[in-house]
Amino acid sequence: MLNIVLFGPPGAGKGTQAAKLLEKYQLIHLSTGDILRSELKARSKLGLEAQSYMDKGELVPNAVVIGMIEKQIDSHAGAKGFIFDGFPRTTAQAAALDRMLMKKNIAITAMLALEVEKEELIKRLLLRGKESCRADDQDRSIIENRIRVYHNQTVPVQDYYEAQHKYKGVQGMGSIEEIFDRLCKVIDPLV
Ligand code: AMP
């Protein structure tokens, strides 16, 4: 199996690159942000519980997202692999993911971290906010809070995978195709 953690700050291009990678390597895309947004759209209990956190750009509780991911993994038995996008976002989530995968005899192959400068992130997110109806992309202060939360709570996840020799940094500035080529150059030797 090929199990990739696609990592990077909000606006790094994880969703865009995940869409291209899952087509090339035939993987299942598991984006906790997308799952939470569809729960919210369906006005499910889980979605409504998550909304107050998402509206402020804060992280929803670990137990909620871990449960969601396990359900998705179990519903794709026989998959060639997964791309985890926007998850794990805390070291507690990373450790819970490892414990859960170990029980299923699955392992994370690598973490690919997209590196993008802060001003470029804000520019991309404000543009996405105009093009989509994501509330958390429309307000500069919510965007800045998401980037702050990323630095405070999510960046340590890099050290978690570095300690397992699975962390790989990838330059995330440039065209979509250029970035995709860089990702493929890292993934190909792992397949
Ligand atoms: P994203 O689409 O990945 O930018 O996520 C949008 C929002 O969903 C985040 O700002 C969080 O409120 C929530 N979220 C997504 N993934 C996670 C996660 N792994 N842990 C906690 N909250 C998350």
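**Pockets and a ligand**

Visitor: What volume does the largest pocket have?

Guide: About 1100 Å³. A pocket here is an open set of 1 Å grid points where a 1.4 Å probe fits, with protein on both sides within 12 Å along at least five of seven lines. This is a predicted model, where local features need pLDDT of at least 70 and side-chain atom pairs 80 or more, while totals for chains, interfaces and linings use all residues. Residues are numbered from 1 along each chain as its sequence is written, and side-chain values use heavy atoms, leaving out hydrogens and water.

Visitor: What surrounds the ligand?

Guide: 16 residues (a heavy atom within 4 Å), with Thr32, Arg37, Glu58, Arg89 and Gln93 the closest. Helix H2, residues 32-41, gives four residues to this shell, the most of any element.

Visitor: How far is the side chain of Thr32 from the ligand?

Guide: An N or O atom there is 2.7 Å from a ligand nitrogen. For the side chain of Arg37, the distance to a ligand oxygen is 2.9 Å.

Visitor: Changing topic, what about the second largest pocket?

Guide: Its volume is about 330 Å³. Arg37 is one of its lining residues, and Arg134 is another.

Technical notes: A polar contact is a pair of N or O atoms within 3.5 Å; within protein, one must be able to donate a hydrogen and the other to accept it, and residues adjacent in sequence count only if both atoms are side-chain atoms. Helices (H or I, at least four residues) and strands (E, at least two) are DSSP runs, numbered from the N terminus. On a 1 Å grid over the protein atoms alone, a cavity is a set of points where a 1.4 Å probe fits but cannot get out, and a pocket is an open set with protein on both sides within 12 Å along at least five of seven lines; lining residues have an atom within 4 Å of a point. Grid points are joined across faces, edges and corners, and a volume is the space filled by probe spheres set on the points.
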